[in-house]
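These are my notebook entries on a structure I looked up.

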Amino acid sequence: MIGRHDRMKAAIRIGILVSLVLSPLASARAQGPILDQVLVTVLRERIFAATPGEGLVPIGLLAGEEVINISSKGLNALVQTSARLLAFSSVTLRWSELRTDLGERVKDRRVLSQLILVRTDKRLYGFQGSLGRWKMEDLGLREEIRDTHAAGFVAVVVTDRRALGFSAFTGGFFEQDLSSDDPVLNAGVNDNVVILTTNRRMLIFRSQLGIWADLR
């Protein structure tokens, strides 16, 4: 018969094991800096994502597909190949893929703890780490990129025509028209807010709202 003392020791051991399993998940959800949760490796014709939990999550390469770049930070990992953008979320524990057009070239990529932003010569792609899903926005013909601001839960791409805000919380890209005779002179960014300043107005994009505020 198991005594009370033995039962207490067993309960303590179980509690320690549970805390070890849950601690990576707790750190991912905690306020403040998020520890890196994903490590990606390639073996033969498959890509594997390793997380603090058990097991590896694989995705197969297509015939003739080549891995160009691997980046990871916080909740997310990004694998750029010759045919696709592959994003992995440690929250959903799955790969999400986007097929790129033949000849479409990646110009910039930002892998943050909460989101991923990729700019090609044709489109903007945003990945929400906590939801494990991609969003896309086409760039206009001869639309020129002026600047990119990204931190924490928000990213904003400024072109010669508009500002495009992306949030880890809200779906899609949010557009704010810009005037050629009133260009952006200054920008401020933190983990949740981007502020663009011109001679005439202040444009504010917030991560939780997913809309632009225009102060004149």
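**Entry 1: a loop residue, Asn199**

I located Asn199 in the loop between strand E17 (193-197) and strand E18 (202-206); helices (H or I, at least four residues) and strands (E, at least two) are DSSP runs, numbered from the N terminus. I was working with a predicted model, in which local features need pLDDT of at least 70 and side-chain atom pairs count only at pLDDT 80 or more, while totals for chains, interfaces and linings use all residues. Residues are numbered from 1 along each chain as its sequence is written, and side-chain values use heavy atoms, with hydrogens and water left out.

Is Asn199 buried or exposed? Asn199 counts as exposed, because its relative accessibility is 66% (buried means under 20% relative accessible area, exposed over 50%, partly exposed in between, with a 1.4 Å probe and protein chains only). Leaving aside residues up to four places away in sequence, I found that Asn199 touches Asp182 and Leu185, where contact means heavy atoms within 4.5 Å. I also noted a C-alpha separation of 9.5 Å between Asn199 and Arg216, which are 17 residues apart along the chain.

**Entry 2: Arg216 and its partner**

I then followed Arg216, which forms a salt bridge with Asp214, the closest N and O atoms being 3.2 Å apart (a salt bridge is a side-chain nitrogen of Lys or Arg within 4 Å of a carboxyl oxygen of Asp or Glu). Arg216 counts as exposed at 74% relative accessibility, whereas Asp214 is partly exposed at 31%.

**Entry 3: salt bridges elsewhere**

How many salt bridges does the structure hold? I recorded 17. One of them joins the side chains of Glu65 and Arg84, at 2.7 Å from N to O. Glu65 lies in the loop between strand E3 (56-60) and strand E4 (67-73) and Arg84 in strand E6 (residues 84-89), so this pair ties together parts that are 19 residues apart in sequence. I found both Glu65 and Arg84 to be buried.

**Entry 4: the E10-E11 hairpin**

I examined strand E10 (residues 123-128) and strand E11 (residues 133-138), which pair in the antiparallel sense over 6 bridges; two strands pair if DSSP finds at least two bridges between them. E10 and E11 form a hairpin with 4 residues between them, and Gly132 in the turn has a positive phi of about 65 degrees.

Which residue of E11 is the bridge partner of Arg123? I identified Asp138. Asp138 also forms a salt bridge with Arg123, with the closest N and O atoms 2.9 Å apart. Arg123 is buried at a relative accessible area of 16%, while Asp138 is partly exposed at 45%.

**Entry 5: Phe169**

I placed Phe169 in the loop between strand E14 (162-167) and strand E15 (173-177). Phe169 is partly exposed, with a relative accessible area of 35%. Beyond residues up to four places away in sequence, Phe169 touches Gln128, Leu131, Phe153, Asn192, Ser207 and Gln208. I noted that Phe169 and Ser207 are 38 residues apart in sequence and 6.6 Å apart in space, C-alpha to C-alpha.
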